[in-house]
Amino acid sequence: MLGFIVNPVAGNGRGAVVWKRLETELKRRGAVYRVRMTSKEGEAKKLAAELLQKEEVTHIVAVGGDGTVSEVINGISESGICCPFGHVPAGSGNDFARGHNLPSDALQALERILAAGKQKRIDLLRVNGQLAVNAVGAGFDGQVAKITNEAGYKRWLNRVRLGTLSYVISMLRVLVSYQPCRVMLTVDGKQEQLENVWLIAVANIPNYGGGMLICPGAVPDDGLAEVCVVSGVSRWALLRAFPLIYRGAHVRHPAVRFFRGRHIRIQAENPLVVHADGEVADVTPVTVEVARQRQVVSL
Ligand SMILES: Nc1ncnc2c1ncn2[C@@H]1O[C@H](COP(=O)(O)OP(=O)(O)OP(=O)(O)O)[C@@H](O)[C@H]1O
């Protein structure tokens with residue numbers, strides 16, 4: 001039986017709208033399912049584990065954005081029950097859906113899940129005892145995630161359906177004050193001493209932060225993470241180069257380097273904020289490990 005976890009506020013209310021369409025279709029088909037609506041942050045994780053442990057649910061579907069996907073996958077993992085996962089995107093960024101080529105149309109996504117045709121095992125990233133589905137980042141973007149989640153303007157802008165603008169405001173705030181520092185990056189035992197590092201992004205899929213192609217070579221089921229390091233660039237050169245990331249054209253920029261591996265250790269001169277899928281998860285030093293082929297996804 002399918003169990004749906006719905007975040008009604010995802011995508012500035014799109015979650016509730018998408019669920020109405022899905023519910024109508026499920027009823028039309030006479031499908032048997034369970035549904036739980038989230039009422040606050042962190043609840044999707046608990047609800048996913050409960051559906052698996054207390055109901056006869058065998059397949060969990062997250063309806064929402066990347067935050068909901070991340071919480072549900074962590075809930076499945078903590079339940080100790082192995083189950084296929086499906087996703088109907090209804091968020092603002094929907095990087096997970098993009099990274100796995102899931103249909104953006106809700107009914108098409110549901111159709112694929114119900115057909116239970118193509119399923120694939122995907123890698124996940126483990127950091128500080130939790131799983132990230134898309135990416136882990138340290139430094140500049142960790143700081144952006146931190147101040148956005150703490151900022152009053154995020155709630156206000158979400159209310160007027162301009163949630164993504166809060167990240168742009170935070171990015172500009174961090175850009176003027178951020179102090180790049182020396183980082184020791186160890187990828188599968190190989191050490192690299194890096195100077196004036198702005199950020200280190202460890203990704204399982206190419207896209208990040210609502211469509212930036214930070215790690216264009218990341219493959220979600222190859223057992224490896226792609227690591228993007230931005231270093232040795234001035235504040236203003238970084239700002240000028242920023243739009244390149246939306247096309248993945250930053251790969252040729254001299255300030256950008258890439259690594260690939262399974263076991264990534266980040267140690268920095270100053271403690272750097274670390275985010276996992278946009279939520280603050282830790283500070284450096286930190287280890288990110290590829291949890292190989294951990295989750296079955298309906299595609
Ligand atoms: N009823 C609720 N009220 C407020 N926040 C909620 C509620 N239910 C879930 N949340 C929180 O909403 C946050 C955002 O959800 P989600 O990431 O799914 O949508 P999004 O931010 O619009 O999409 P994306 O991450 O793809 O940009 C999550 O961190 C989640 O914990």
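Asn-12 lies in helix H1, where helices (H or I, at least four residues) and strands (E, at least two) are DSSP runs numbered from the N terminus. The structure is a predicted model, in which local features need pLDDT of at least 70 and side-chain atom pairs count only at pLDDT 80 or more, whereas totals for chains, interfaces and linings use all residues. Residues are numbered from 1 along each chain as its sequence is written.

Asn-12 is classed as partly exposed because 17 other C-beta atoms lie within 10 Å; a residue is buried if 20 or more other C-beta atoms, placed from the backbone, lie within 10 Å of its own, exposed if 12 or fewer, and partly exposed in between. Between Asn-12 and Arg-292 there are 280 residues in sequence and 33 Å in space, C-alpha to C-alpha. Leu-2, located in strand S1 (residues 2-6), counts as buried because it has 21 C-beta neighbours inside 10 Å. Leu-2 is 59 residues from Val-61 in sequence, and the C-alpha to C-alpha distance of this pair is 7.1 Å. Leaving aside residues up to four places away in sequence, Leu-2 touches Tyr-33, His-59 and Val-61, a contact being a pair of C-beta atoms, placed from the backbone, within 7 Å.

The protein chain contains nine helices and 15 strands. Its C-alpha trace spans about 60 × 45 × 30 Å along the principal axes. The radius of gyration of the protein chain is 19 Å, which agrees with the value near 19 Å for a compact globule of 299 residues; the radius is taken over C-alpha atoms, and the globule rule is 2.2 Å times the number of residues to the power 0.38. Of the 299 residues, 47% are buried. Among contacts with a separation of 6 or more, 73% join residues 24 or more positions apart.

Two domains are assigned in the protein chain, domain 1 (2-117) and domain 2 (135-293), with bounds from an automatic or database domain assignment. Their centres, taken over C-alpha atoms, are separated by 27 Å. Contacts between them involve ten residues of domain 1 and 14 residues of domain 2. On the side of domain 1 that touches domain 2, helix H3 (66-79) and helix H4 (95-99) are the elements giving two or more residues. That side has no nonpolar, seven polar and three charged residues; Ala, Val, Leu, Ile, Met, Phe, Trp, Tyr, Cys and Pro count as nonpolar, Asp, Glu, Lys and Arg as charged, and the others, Gly among them, as polar.

In helix H5 (residues 106-115), the buried residues are Ala-106, Ala-109, Leu-110 and Ile-113. They lie on the same side of H5 because they cover an arc of only 100° around the axis, the arc being that of the directions from the helix axis to the C-beta atoms. These buried residues pack against H1, strand S3 (59-64), strand S4 (85-89) and strand S15 (286-298). The face turned away from the buried side of H5 carries the exposed residues Gln-108 and Ala-115. Just after H5, Ala-116 adopts a positive phi of about 45°.

Definitions and conventions: Two residues are in contact if their C-beta atoms, placed from the backbone, lie within 7 Å.
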